[in-house]
Structures are given as C-alpha cells and as structure tokens.
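Have the model open and follow along.

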Amino acid sequence: MTGRVVGKGMPARRWEQLAEKGVQMVYGATANVAADRRGRYLGYGPEASELIAVPEPETFAQLPWDGRVARVFARLFRNREEEQSPGAALTADCRGNLARLQADFTAHHGLNMRVGTEPEMMWLRRGAGGELAGVTKPYCYHVDQLEELRDVSMRVLRYGQALGLDMIQGDHEDAPGQLELNFRFDEPLRNADRLVTYRQICRQVAREFDLIACFMTKPFPGMSASGCHHNLSLWEGGDDEVLPADPEPTMPGVRSYRVGGVNMVSADRAADRNPQALTDVARRAVGGLVTHLPALTALGASTVNSYRRLWDTGLWAPIARAWGYQNRTCAVRISSPERIEYRTADSMVNPYLMAAGLLTAIDDGLRNDLDPGPPTSASTYDSAPPPQQSLPMNLGEALAALDGDEVVRSALPGEMYRVYTAHKRDEWERFLSTTTEWDFDMYLDYIP
C-alpha cells in the first residue's frame with residue numbers, strides 16, 4: 001500500500017507449480033507487515049489469513065543485470081479457506097484494483113485513459129562524515145551536469161529498454177543530482193508497472209555505482225523537490241504495438257504499448273481548433289480533477305515530507321486548487337493541446353493508487369458534467385490562494401479531505417481504504433509526536 005515492492009523468490013524449476021497455484025503470503029504483506037506506534041499491526045494482525053499471489057505470465061521479464069533471475073507481477077486473492085468470499089479478489093491489492101477500475105472505466109465510457117509519468121529522483125552519495133550530497137550541481141537542463149551522470153543514465157537506459165521501457169527523453173533537473181528519464185505513455189496498469197520497474201532499475205544501478213537512488217520527495221530545503229507529474233489523455237480505440245525483443249527474454253505483454261485511436265482531449269477536436277480551448281470530454285475530465293483535488297492530494301502527496309515540496313513555494317510545485325494553460329502553480333495544467341497534467345503527485349507516489357484515484361475523479365467529471373470553471377493565468381506564488389482554493393498543506397489535512405470525498409474513496413474499495421489510511425495516519429501521528437532539531441533551535445532558550 002505504501003508503494004514498496006514485496007514478494008517471494010523461488011527456483012525456476014518451480015515455475016509451473018507457481019503459475020498454477022500461486023504462492024501464499026500473510027495479508028499483512030500488503031501493509032509492510034508493520035506495526036503502528038502503539039504496537040498494533042497495521043491492516044492485518046497475525047490472526048489474519050494468508051493471501052494467494054497468482055502470477056501473470058505476460059509480465060515475465062528476465063533481469064538484464066543478472067540473467068539467472070526473472071521477475072513476474074502477481075494478482076492477489078483471498079485464501080481458498082476463508083469463510084467469507086473464499087478465493088475472491090483481495091480488495092487490499094492496489095494493482096488488481098487498478099486493473100478492475102481501468103476495465104470498468106473503458107466499458108462505461110468507451111474510452112481508455114493513457115498515462116505518462118515524469119519520474120524525477122536524485123542521485124546522492126555520502127561524504128566522509130556521512131552527510132548526503134547530490135552527485136552533481138543544481139543546474140537545470142545543464143548538459144555538463146547531465147554528462148557527470150552519463151554512465152549512470154546510460155546504465156538505466158540499457159536496463160530500462162531490456163525490461164520493456166520505451167525510453168524517450170531525459171534531462172538534468174534543478175536540484176543536486178536530480179535526473180528525469182522518461183518512458184512512453186500507456187494504459188494505467190502497464191504504466192504503473194513500468195514506474196515500479198524503473199525505480200527498481202535505479203536502485204540496482206545505485207548498487208553498481210555505490211550511490212544512493214533517492215526517491216524521497218524533498219531532501220534539500222531551498223532546492224526543488226522531486227515530482228512525478230501524471231500526463232493524462234482519453235482515447236477512443238487503438239491497438240497494442242509490441243516493441244522488438246531485447247536480448248533478454250521478456251513476454252510480449254512487457255513490451256506492449258497502446259497506440260492509435262482518437263485522442264478526445266486533443267484541441268484539434270475543439271470546435272475552433274484553438275490550442276487554448278477544451279473539448280467537451282477534456283472540460284468534464286478537468287472538472288472532475290479540480291473537484292476532487294483535495295482528496296487526490298492524499299494519494300499524490302502521500303508522505304509527511306511531500307508537503308515540504310508544497311510549502312517551499314516558487315520552486316515549480318503547485319499550491320492552488322485550480323487549473324490553467326501552462327500555469328505550473330496550478331495543480332492541473334493543460335501541458336499541451338493533447339494532454340492534461342496532474343502536478344501534485346511526487347516521487348514517493350504509489351502509481352496504482354494514484355491512477356485509481358485519477359480514474360474515479362475523471363469518471364465523476366464525465367458522468368456528472370462537472371465544469372472546472374475558468375482557467376487561472378496568474379502565478380499563485382505571488383499571493384497565497386485563499387483556503388478554499390488551496391491544496392491541503394499537510395498530510396493530516398489531506399487525509400481529512402480523503403475521508404470526506406466518497407468518489408475518491410471509492411478508488412480504494414473494501415479493506416484497501418482502511419489499510420491505507422491506517423498507515424498514513426500512523427505516519428502523521430509519528431511525525432507530530434517526534435521532537436526534532438527544529439524544536440531545540442526554536443524553543444531551547446525560550447523563557448515564558
């Protein structure tokens with residue numbers, strides 16, 4: 001639920017048995033098998049049953065850094081011996097849940113959503129005294145800084161292509177050691193799988209170069225944080241295109257991308273083909289996103305540290321519950337005539353939960369003809385937006401907004417909402433109850 005990758009390993013000769021029957025793990029595997037600050041297990045206790053993880057063979061891919069090992073994603077089910085709903089889909093499976101929501105959305109609207117994510121992260125190393133520092137200087141788009149990380153980025157590129165990521169472009173961003181390497185957009189589930197794969201690739205490359213692949217949203221005050229903008233479009237039709245196989249074996253599903261069809265967001269379909277005009281579909285989609293921005297923030301900015309990104313204004317992060325054309329101070333931006341950008345998500349986002357939330361918000365906009373209101377062109381950095389037009393500015397506020405939004409809550413059905421919010425509330429309480437260096441700096445010499 002927190003976005004960590006969990007699973008089991010087994011010898012290849014056990015593959016047929018695994019594919020047929022799946023493997024068992026405790027229900028708490030969906031919740032990090034962790035306890036809250038009071039010692040109670042989060043989500044599921046030791047008395048809970050064991051889930052069945054059934055692999056999806058179309059996601060099979062051999063690891064390019066060690067050909068002896070392959071990975072495969074799994075779908076989670078309730079144990080066959082459960083008294084209630086034995087063998088049913090496990091509602092705390094955020095990946096399986098996204099697959100179902102995606103199918104329901106297409107069945108109802110005749111549209112398939114496609115997502116492209118921008119995975120910013122930082123390459124760090126520890127100094128002699130243990131302090132963390134970026135490998136490069138904080139110069140945005142600077143080719144010399146990109147060259148400093150050339151060996152790292154080329155290794156990521158090679159591994160990504162071998163694992164089905166159609167890498168398209170990249171650059172050095174404006175924080176120390178910060179790279180953004182992009183791969184082609186696709187349907188939500190495959191895009192989420194690829195973002196998870198990309199993070200695993202970065203961690204492996206960091207081991208090989210003795211670096212730290214940092215996905216923490218804002219490690220350095222006064223510097224830009226790492227976002228993960230989600231670029232969204234809605235399509236009628238299209239077909240799967242399968243990329244050529246790399247030397248390492250992968251199933252065609254790993255290399256498949258949805259292409260073609262008619263983009264119903266594209267300004268070319270607006271009545272006057274004005275690049276600053278929304279199609280009816282885009283207007284209603286943006287309306288759904290803007291309506292549900294506070295609750296979506298609990299999924300997109302999912303950690304205490306996430307809100308350092310929003311508070312340190314002027315550094316390209318959104319703070320306004322608004323939309324605009326090319327206005328990066330808004331949470332929703334029309335980033336090109338062909339797509340809508342959701343900007344609040346950051347580098348720690350769980351892509352399965354985020355895509356599920358975005359699907360439900362857009363679904364509500366399409367069903368109920370939600371209008372987003374006029375676009376915002378002014379910089380909201382110049383004057384803070386009033387409270388009703390501001391995003392939640394801490395994790396506690398965001399969780400309260402999620403509690404009050406039935407639509408976005410429906411993206412976390414069954415036990416998923418309980419498990420996710422238990423984790424996040426515990427994280428928020430741990431932060432509030434922790435004495436930090438800031439407390440000493442602020443209050444040590446106070447004489448009331």
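## Helix 9

Helix 9 covers residues 351-367, and at 1.5 Å a residue its 17 residues should span 24 Å, which agrees with end C-alpha atoms 24 Å apart. The expected span is 1.5 Å times one less than the number of residues. Helices here are DSSP runs (H or I, at least four residues), as are strands (E, at least two), numbered from the N terminus.

Just after helix 9, Asp369 has a positive phi of about 50°.

## About the model

This is a predicted model, where local features need pLDDT of at least 70, side-chain atom pairs count only at pLDDT 80 or more, and totals for chains, interfaces and linings use all residues. Residues are numbered from 1 along each chain as its sequence is written, and side-chain values use heavy atoms, leaving out hydrogens and water.

## The largest cavity

On a 1 Å grid over the protein atoms alone, a cavity is a set of points where a 1.4 Å probe fits but cannot get out; lining residues have an atom within 4 Å of a point. There are four cavities of 30 Å³ or more, and the largest holds about 40 Å³. Its lining includes Val265, Pro275, Leu278 and Ile334.

## The second largest pocket

A pocket is an open set with protein on both sides within 12 Å along at least five of seven lines. The second largest pocket has a volume of about 930 Å³. Among its 43 lining residues, Glu118, Glu180, His229, Arg333 and Glu341 lie nearest its centre.

How values were computed
Points joined across faces, edges and corners; volume = space filled by probe spheres on them.
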